[in-house]
Every structure is written in structure tokens, then in C-alpha cells.
Amino acid sequence: MESTHIEGRNAVLEAFRSGKTIEKLFVQDACKDGPIQTIVREAKKNPDTILNFVSRERLDELSETGHHQGVIAYAAAYAYSEVSDMLAKAKEKGEDPFLILLDGIEDPHNLGAIIRTANQAGAHGVIITKHRACGLTATVAKSSAGALNYTPVARVTNLGQTIEELKKEGLWFACADMGDTPVYKQNLKGPIGLVIGNEGDGVSRLVKEKCDLVASIPMKGDIDSLNASVAAGILAFEIVRQRMG
């Protein structure tokens, strides 16, 4: 798989013009020459691109070639899908929608493992956040063991707003967190979104408030948490079990 790291003015500009999804763009601060300003304008046209103005020293640290020319971009290894495509996929299969929403997953190995789980559990797609989260890097693709070729992934700016929009489509939401009622005693049937939180902080308060219930996994050991991808697997396959009747 090609690297997602792109350096140099011509290479970065062509990446934008070819339609690649540029997730992050690092531009040397206070650089006002023509080619750099053209790249900045292209970045501002694209709502998926996070634009960062940094020092030359920071670019030197990020550079893999030593010839960044004041600009470094990170492109998605795979194209993103739309949330509407996931709903259409469920409808085409005659199934209730089943989506997995990730609130700030940062580890690419976790993201890849969750995409792999989503594929095996029959989820119709995975939704990730734009900010403070991992995108579709080559490491994610490798960790998914090929599942990224078959499981749609959408990236949204505001997860809480996305949940509200999906509620209008008939979905309800289960949030992975500590709670009083074990997940095995809850009804997870019907059109559902499973929300998994950040590796360290869990699901954010604002997103949790949008969810309909807390899906709690009983803990029997000496620590009180599971790896995010493991928790996603346990909860996703409880949904599968209940759907099988």
C-alpha cells in the first residue's frame, strides 16, 4: 500500500487536485508565496482537511524526505463513505441498520480491529470522528485484515449531531460504559447504533447524553476496563446473538 505521507508543493497540490482525501495538512507558518497559498486555498475548499500552520522546525521533524518545501500532507489510505450509504446498504439487505460509532479512537490498531469486528458482526458501517481521532491510515487497513475493503467507514465532524440525525431514521443508541444493568439483560434488537469511546476517557459526556442506554460489560477481574476493540467485539456480538433470536 502506498504511503499516506505526502511532501513537497507539487506532490501535495496534485494530491488535492486528483481528489485524494487529505486528512491533515501542515503548512509552514507565515509562508506567503504563491504555490503555498494555492495549496491552502485547496485545503479550505475541503471540509475533511484539518489545516495546521506550524514552524519550519516542526515540519523538519515530520519530514521523511528532508525536502518538504514548507508543506506536508497526510492522505487517507482508503476513501470514506457517507452515512447515508450505510443506511442504504441495510435497506438493500432487508436488515435493521446496525452501525458502530467511535468517539475519538486514537490507536490505529484499535480502529483496524474494530472495523474487522464490524465486518464479522454484520454491521453496515463504522462512523469515526474528524478531530482528535485516527483516520484511515495504512496501519488501520493492515490491522483490519482486509475488512476495510468491505466495511464502509464515514467520518463526521460532530458525533452527537450525527446521532440526532440517525434517530430521525429510526435508530436508537447503546453507549459502552460502566452501568448498573449488564448488557446481557438489555434488549439490543432493532435499528441500533453502538457507541464506543476513547481508549483513555471513554465516551464523552455530550455524546453519552445522546444515547438511549448504557451497555455495561460485567467485570470479574482486578481492573475495571477493557481494550476498546475488545469491548466493541463483546458488545457487537451480543447484538448479533440477540438478532439471531
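Predicted model: local features only at pLDDT ≥ 70, side-chain atom pairs only at ≥ 80, totals over all residues.
How many bridges join β5 to β9, and do these strands run parallel or antiparallel?

1. Pairing of β5 with β9. Six bridges join these two strands, and they run parallel. Within this pairing, F98 stands opposite I192 in β9.

2. Pairing of β5 with β6. Strand β5 is also joined by three bridges to strand β6 (residues 125–129), again in parallel. Here L101 stands opposite I127 in β6. Between β5 and β6 the chain passes through helix α5 (residues 108–120), and this β-α-β crossover is right-handed.

3. Burial of β5. Six of the six residues of strand β5 (residues 98–103) are buried, so the strand is largely enclosed by the rest of the structure. Both of its faces are covered: F98, I100 and L102 are buried on one side, and L99, L101 and D103 on the other.

4. The largest pocket. Its volume is about 440 Å³. Of the 19 residues that line this pocket, D103, T129, R132, S204 and V207 are the closest to its centre. The elements that give two or more residues to the lining are α7 (159–167) and α8 (205–210). By class, this lining has three nonpolar, 10 polar and six charged residues.

5. The second largest pocket. This pocket holds about 380 Å³ of space. It is lined by 21 residues, of which A176, D177, S225, L226 and A231 are the closest to its centre. Two or more lining residues come from each of β9 (192–197) and α9 (228–243). The lining divides into 10 nonpolar, seven polar and four charged residues.

Definitions and conventions: Residues numbered from 1 in each chain as written. Heavy atoms only, no water. 1 Å grid on protein atoms, 1.4 Å probe; cavity = no way out; pocket = protein on both sides within 12 Å on 5 of 7 lines; lining within 4 Å. Points joined across faces, edges and corners; volume = space filled by probe spheres on them. Helix = DSSP H or I, 4+ residues; strand = E, 2+ residues; numbered from the N terminus. Nonpolar A, V, L, I, M, F, W, Y, C, P; charged D, E, K, R; others polar. Buried < 20%, exposed > 50% of the residue type's maximum accessible area, 1.4 Å probe, protein only. Pairing = 2+ DSSP bridges. Right-handed = clockwise from strand over helix to strand, strands pointing away.
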